[in-house]
Amino acid sequence: MEEIKKQAGFTLIETTLILMIVMVISSAVIYGTSNKVIELEEKRFFRQFQLDVQRAQALALSQEQYIVLKFGNKGTSYSTTNSNITLFENRLPSHISLSEDSKLKELIFLPSGMVRNFGSFAFLTSKETKLVTVHIGTGKLAYEQ
């Protein structure tokens with residue numbers, strides 16, 4: 001008679017345990033990466049906002065006209081206009097909006113490139129409120145993070 005050899009393999013419990021460990025590790029990696037993506041998107045937005053303010057200021061200087069950067073749509077977008085003509089507009093990321101308590105809702109650039117109004121834009125982000133301060137005259141931005 002032939003001997004029946006015992007086959008070695010994994011039991012159902014062992015396989016389930018390994019799958020659970022892999023799922024826990026995967027979910028931890030996905031959670032950590034999604035927070036990093038939101039953080040990078042916030043940095044990208046604030047950099048883009050700074051560039052848009054500088055662009056509006058440069059347009060005021062080059063065209064020697066008043067340029068207005070104004071927030072609308074409940075603080076979820078902003079546009080830059082010149083005599084009621086929209087030059088460009090941008091939407092804020094879904095987790096960032098202009099706070100209703102923000103001291104500034106718009107920036108007006110004079111033909112000389114100076115700003116008429118100054119103060120701070122208060123942006124609500126997923127974690128905190130971030131301030132973008134516009135200094136009188138030059139229109140330079142300062143970020144408080």
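The chain of this predicted model has an average pLDDT of 86, and 90% of the residues score at least 70; pLDDT is the confidence of the predictor in each residue, on a scale from 0 to 100. The mean is lowest in strand 8 (residues 141-144), at 64, and highest in strand 4 (residues 97-98), at 94. Residues are numbered from 1 along each chain as its sequence is written. Local features need a pLDDT of at least 70 and side-chain atom pairs count only at pLDDT 80 or more, while totals for chains, interfaces and linings use all residues, and side-chain values use heavy atoms, without hydrogens and water.

The chain contains 1 helix and 8 strands, taken as DSSP runs (helices H or I, at least four residues; strands E, at least two) and numbered from the N terminus. Their order from the N terminus is α-β-β-β-β-β-β-β-β. Of the contacts with a separation of 6 or more, 46% are between residues 24 or more positions apart, where contact means heavy atoms within 4.5 Å.

Of the 145 residues, 32% are buried (buried, under 20% relative accessible area; exposed, over 50%; partly exposed, in between; 1.4 Å probe, protein chains only). The accessible surface is about 10,300 Å², and carbon and sulfur atoms account for 59% of that area (Shrake-Rupley method, 1.4 Å probe; for residues, only the protein chains shown count as cover).

A nonpolar surface patch consists of Leu17, Ile18, Ile21, Val22, Ile25 and Val29, which together have about 560 Å² of accessible area. Patch residues have over 30% relative accessible area and no salt bridge, with nonpolar side chains joined within 5 Å and like charges within 9 Å; a salt bridge is a side-chain nitrogen of Lys or Arg within 4 Å of a carboxyl oxygen of Asp or Glu. Ile18 lies in helix 1 (residues 12-63) and is exposed, at 51% relative accessible area.

Strand 2 (residues 77-82) and strand 3 (residues 85-91) run antiparallel and are joined by 6 bridges; pairing requires at least two DSSP bridges between two strands. Ser79 has Glu89 of strand 3 as its bridge partner. The two strands form a hairpin with 2 residues between them, and Ser83 in the turn has a positive phi of about 55°.

Strand 6 (residues 119-124) is largely enclosed by the rest of the structure, because 5 of its 6 residues are buried. Strand 6 pairs with strand 4 in the antiparallel sense over 2 bridges, and with strand 7 (residues 129-134), also antiparallel, over 6 bridges. Leu124 is the bridge partner of Ser97 and has Thr129 as its partner in strand 7. A hairpin of 4 residues connects strand 6 to strand 7.
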